[in-house]
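The following explanation leads the reader through one protein chain. Please view the sequence and the structure together before reading on.

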Amino acid sequence: MTVSSRSILNFLAISLALLLLLAACSSSETHSSSETETSAQSEREKTVTIMYSFPSSSLDPHQEWVTLRAGITETLVRLNEKLELEPWLATEWAQQDELTWVFTIREGVTFHDGTPLTAEEVKASLERGLEVNPSLQTTLKIDSLEADGQKLMIKTTEPYPALPSELVNPNTSIVKVDTTDLDRAPVGTGPFKVESFAPDVEIGLVRFDEYWAGPSPLEKAKFVINSDANVRALALQSHEADIVYHLPVESLEVIEQQEELTVQSVSSLRAHFLIFNHEQPHMQNEKVRQAIDLLIDRGTISHQVMQGHATPANGPFHPDFPFSAGETAPAFDPEQARALLEAAGWELDDTGQLVKEGKPLSLNLLTYQSRPELPLIAQLLQAEAAKIGMTINIQSVDNIDTYLHEHHDWDLATYSSLTAPRGDGGYFLNVAYTAEGALNAGGIEDTALSEIIAQLNQTSDPEQRHRLTQEAVQIIQDKTLHAFIIYPHIVVGINNRVLNWSPGAEEYYMLTHQLDVR
Amino acid sequence: MQRLILSRLGQLATVLFMLSLFTFMLMKLAPGDPVRSILRADEVLVTKSDEEAVRKELGLDQPWAVQYSHWLWRVIQLDLGVSYVSGRPVLDELLDRLLPTVYLALGGLLVMIVIALPLGTLAAVFHHRLLDHVSRMLAFIGASLPQFWLGLLLVYIFAYQLKLLPSMGEGSFKHIILPSVTLGLGMAAVYARLLRAGLLESFSQDYIRAARSRGLPEWQILMGHAMRAGLLPVITMLGMSLGHLLGGAVVVETLFSWPGLGKLVVDAVFKRDYPIIQGYILFTGLFVVMANLVIDLSYRWLDPRIRFGKDEKQ
């Protein structure tokens, strides 16, 4: 085909011109506006950008945690840095009788619209939460609420000493209920008001000048969400975000090299552990469970798999908690593990396999992908077990919760859970070790432990609760009812222009009124 | 013409019915249900009887056919229900995401057209010459770059190194550039090759030779005669892409924090939020069928010889 060169040139010229025009439009515009934006920011207003990983499609405080994290709403009770309960919107609380609690609501607190906070408003907010969120109904066990001035009387359906700690739950946030846009622009009592909201993407916030504990030094703030870890790391590096949660471990080296950035690795309230299926004959044998516990190389897991961003676990609760079992994690001792198994009747055969009554010791281990370190931990355990003659078959499942409850062909499983999300051990003990608990997939039934939990559920004195929780942990560890592996850390990148702020283990209080920037 | 549209609308109802039925069956075959998400079982104290109570309340303990007919009956009354997890009406959730999805789709298409149109045309005009080879190479590269990588690369260059564009979020024109380019580049590669093939095909037609013998300038032959026919395969493909784009581009949305439909539904699938999934299926099904109807109608303009159905044949 022949085409005259002139017409081709024409065509080329036109398309090139079009392209250039488009490029010019976009680049010139972006250039100028980004320049004005940065200079305006430094002159006019102080602002901070926090970036988080889990999306929230709404701002309904009774459904999502993000309103508390973004400093829009607050709860009656909070956790302090030592993970102890502390007054927040309630100044004090006391138990009148077994079923009745009286909370005193803080004076001088106003909602973002100027309405003063009264017990009546708190009551309305809690009632609305109970109505729309079934999980609050099961955790708060509230029978009725009564308001009188600044006093809120709560009657529970059963004796419930854990009530104050359950009121730390971000879903119990106090919000003005008679507003039109509860799920788009909730009116809370926090240091920041909602200015704009794009679901799953970004919350634009402005300072609330009448904040009860003193207004924030920042004029504005942004709470941004991105679920891609690499993009989050890049946003920190490009200074688009000042505080970035959940950085990918592989990006840390580069980030730490940048002078103006810091990485903080703090223990979380989460624990990774092994669930044993107590309905399987092998796993009913305490020695087998203990042997598996001895095969867990917690040091290697913390340093290699987690690249130093984890603490070896001793029991379900983080060592910072007053009710934890302390810091010394169980030892890694394969020889002892083999000795235990031999004491339980297994013998090494010619092929190096542990056998009892002609049957090799072979276990099915479940794991899942949504926490990528868990399959790696499973493989490490498999390798260590093979060295002493125990066979572990790894099966990766899609939905671990469903599988655990609907199938019986597993012996053990890797799992991860927030063990004391509201600063009290009662939650995990009840959910994981009682017959009715939704997390007790392994069918654990231990009389001594059940008695302690029952006693705990009746005890409201904090000291006594701590002591009972410690006793429970002791039994769990002694009998190896679960094998706790590590407490993973929360890895947060911070730009050094951020002042008066450090990440907490609880991942609740992110945008605070003290946070400032240079 | 009207009959065509009417019959297509009839087909639409059938398509949507079958689509929703099959999705529903597939969802029920997959293990798991939304109860644990609803109860936030990972964070709060939940007992097995609490789980049972919620399951019963939502009717999840009933046979799937019963559940489906309940859902269908409400849909016939134009009620898509509410999300199990957020408690908001499904229609609101979908409409919230529609506009960003449309913007992103249009942005992607624009980038695609700007690249594919010149690239494909040049490749056809300079058939088997250097430009054609270059365009082929570009097309190969564009088609084989995975979106998540291309997107990260663009963020790295334009947001981190050059600090020209925001890496994520929405709000201004600047925000849509990177996601659109990520989306458009991959498509452009395919479309450029399609356009080239279409143009080459029409260059060999008699009417082109006739036009040439009449001494028309090449420019006019290309634009006025060859292009219309050459666009036919491109338009067909566009119908499919459009449906795909309006269904949401999950990878791009996740990477750039773009509040589109794709992310919404992936999240819903993980949480087994059936009303959202079903609503989404109806929504996108509607889009795909409508987009293809428009495409079919556009054939008549591109090539007036094309007629549909019996009564349109002359």
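**Charge, surface and fold of chain A**

In chain A, the mean positions of the 34 positive and 74 negative charges lie 2 Å apart. Lys and Arg count here as positive and Asp and Glu as negative, whereas His and the chain ends are not counted; each charge is placed at NZ of Lys, CZ of Arg, CG of Asp or CD of Glu.

This is a predicted model, in which local features need pLDDT of at least 70 and side-chain atom pairs count only at pLDDT 80 or more, while totals for chains, interfaces and linings use all residues. Residues are numbered from 1 along each chain as its sequence is written, chains are lettered from A and ligands numbered from 1 in the order in which they are written, and side-chain values use heavy atoms, with hydrogens and water left out.

Along the principal axes, the C-alpha atoms of chain A fill a box of roughly 90 × 85 × 45 Å. Chain A has 518 residues, of which 57% count as buried (under 20% relative accessible area, 1.4 Å probe, protein chains only). Carbon and sulfur atoms hold 48% of its accessible surface of about 20900 Å² (Shrake-Rupley method, 1.4 Å probe).

Chain A contains 16 helices and 23 strands, which are DSSP runs (helices H or I, at least four residues; strands E, at least two) numbered from the N terminus. One open sheet of chain A has the order S15-S16-S17, with antiparallel pairing. Strands S15 (347-348) and S17 (359-360) of chain A are at the edges with a single partner strand each, so one side of each lacks a neighbour in the sheet. Strand S16 (residues 354-356) of chain A is joined to S17(A) by two bridges, and pairing requires at least two bridges found by DSSP. A:Val355 stands opposite A:Pro360 in S17(A).

Terms used. Buried means under 20% relative accessible area, exposed over 50%, partly exposed in between (1.4 Å probe, protein chains only).
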